[in-house]
Amino acid sequence: MANILLTGASRGIGAAARTALVAAGHHVIGQSTAGSDGLIAADFTAPRAADALWAAAIVAAGGRIDVLVNNAGVFEDAAIDDADTFANAWGRSLTINLQAAADLCRHAVLHFQANGGGRIINIASRAGHRGDSPAHWHYAAAKGGMIALTKTIARGYARDNILAFAVAPGFTMTGMAADYLSSRGGDKLLADIPLGRVAEPQEVAETIRWLAVEAPPSLTGATLDINGASYAR
Ligand SMILES: NC(=O)c1ccc[n+]([C@@H]2O[C@H](COP(=O)([O-])OP(=O)(O)OC[C@H]3O[C@@H](n4cnc5c(N)ncnc54)[C@H](OP(=O)(O)O)[C@@H]3O)[C@@H](O)[C@H]2O)c1
């Protein structure tokens with residue numbers, strides 16, 4: 001049984017991962033912005049929110065965390081013709097999608113070094129490799145940053161038995177994707193996915209479960225794509 005800190009556990013991919021991990025017998029310490037349903041509240045736009053979350057999670061876990069899953073994220077439009085909108089979107093995106101994950105990784109690495117090792121799973125995006133729409137420069141940049149962060153941790157701390165993996169989903173049927181699919185015309189998007197459909201949250205959740213407890217150590221540093229071959233690298 002592993003103690004797993006999972007961010008963004010209230011909805012979508014995170015809720016599916018919580019269900020899969022609990023069903024497999026693990027103790028999930030989950031987070032959401034509001035913190036209902038047994039989750040710890042942490043809004044990553046608040047200063048040092050990730051630090052406070054880590055401290056609360058350590059207490060909830062009884063002093064030992066084995067796995068960190070950075071899954072919380074936002075996908076918001078930013079037009080390039082308005083400087084304030086553009087700057088605000090970049091600030092929010094980098095803070096929530098990248099800085100909070102990095103802060104939690106910092107705690108996790110220090111904790112794992114003192115406790116014989118552990119695993120980190122960062123939920124990035126196909127956008128981190130392929131790029132995104134003109135309204136989402138910031139999102140692609142944050143997710144590309146997350147992939148680079150993951151590789152850096154994998155290379156830097158493998159000797160301490162600390163493993164780091166990234167997951168790069170394409171469109172996944174959650175609230176985050178549903179708005180985009182309806183606004184952009186679902187049919188056109190589906191035509192770009194050889195599998196003929198977007199991913200289900202349960203498919204990403206199963207990948208998270210496998211990486212958290214089963215994936216062989218030599219996989220460390222890898223990014224697993226889940227995109228129906230819409231972007232095969
Ligand atoms: N869905 C996709 O198509 C897709 C594709 C590629 C990558 N991803 C990535 O997969 C991850 C999960 O996506 P999803 O579609 O499952 O998202 P979602 O359904 O929109 O859920 C987002 C999660 O992040 C939390 N969150 C949002 N803003 C936050 C903030 N300011 N501080 C702390 N937590 C916050 C939410 O908590 P509350 O419920 O409290 O708001 C929620 O638990 C994200 O990192 C996303 O970028 C998704």
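Modeller: Helices (H or I, at least four residues) and strands (E, at least two) are DSSP runs, numbered from the N terminus. The model is predicted, so that local features need pLDDT of at least 70 and side-chain atom pairs count only at pLDDT 80 or more, while totals for chains, interfaces and linings use all residues. Residues are numbered from 1 along each chain as its sequence is written.

Colleague: What radius of gyration does the protein chain have?

Modeller: The protein chain holds eight helices and seven strands, and its C-alpha trace spans about 50 × 40 × 35 Å along the principal axes. For 233 residues, a compact globule would have a radius of gyration near 17 Å, by a rule of 2.2 Å times the number of residues to the power 0.38, taken over C-alpha atoms. The protein chain agrees with this expectation, because its radius of gyration is 17 Å.

Colleague: What share of contacts between residues at least 6 apart in sequence joins residues at least 24 apart?

Modeller: Two residues are in contact if their C-beta atoms, placed from the backbone, lie within 7 Å. Among the contacts in the protein chain between residues at least 6 apart in sequence, the share that joins residues at least 24 apart is 70%.

Colleague: Which elements do the buried residues of helix 3 pack against?

Modeller: A residue is buried if 20 or more other C-beta atoms lie within 10 Å of its own, exposed if 12 or fewer, and partly exposed in between. The buried residues of helix 3 include Ala-89, Ile-96, Leu-104 and Phe-112. Their packing partners are helix 2, strand 4 (67–70), strand 5 (118–123), helix 5 (137–157) and strand 6 (162–169).

Colleague: Is Arg-48, with its positive phi, buried or exposed?

Modeller: Arg-48 is not a glycine, yet its phi is about 60°, and it is found in the loop between strand 3 (40–41) and helix 2 (49–60). Because Arg-48 has 8 other C-beta atoms within 10 Å, it is exposed.

Colleague: How many C-beta neighbours does Ala-229 have inside 10 Å?

Modeller: Ala-229, in the segment after strand 7 (223–226), has a positive phi near 65° although it is a residue other than glycine. Ala-229 counts as exposed, because its C-beta neighbours inside 10 Å number 10.
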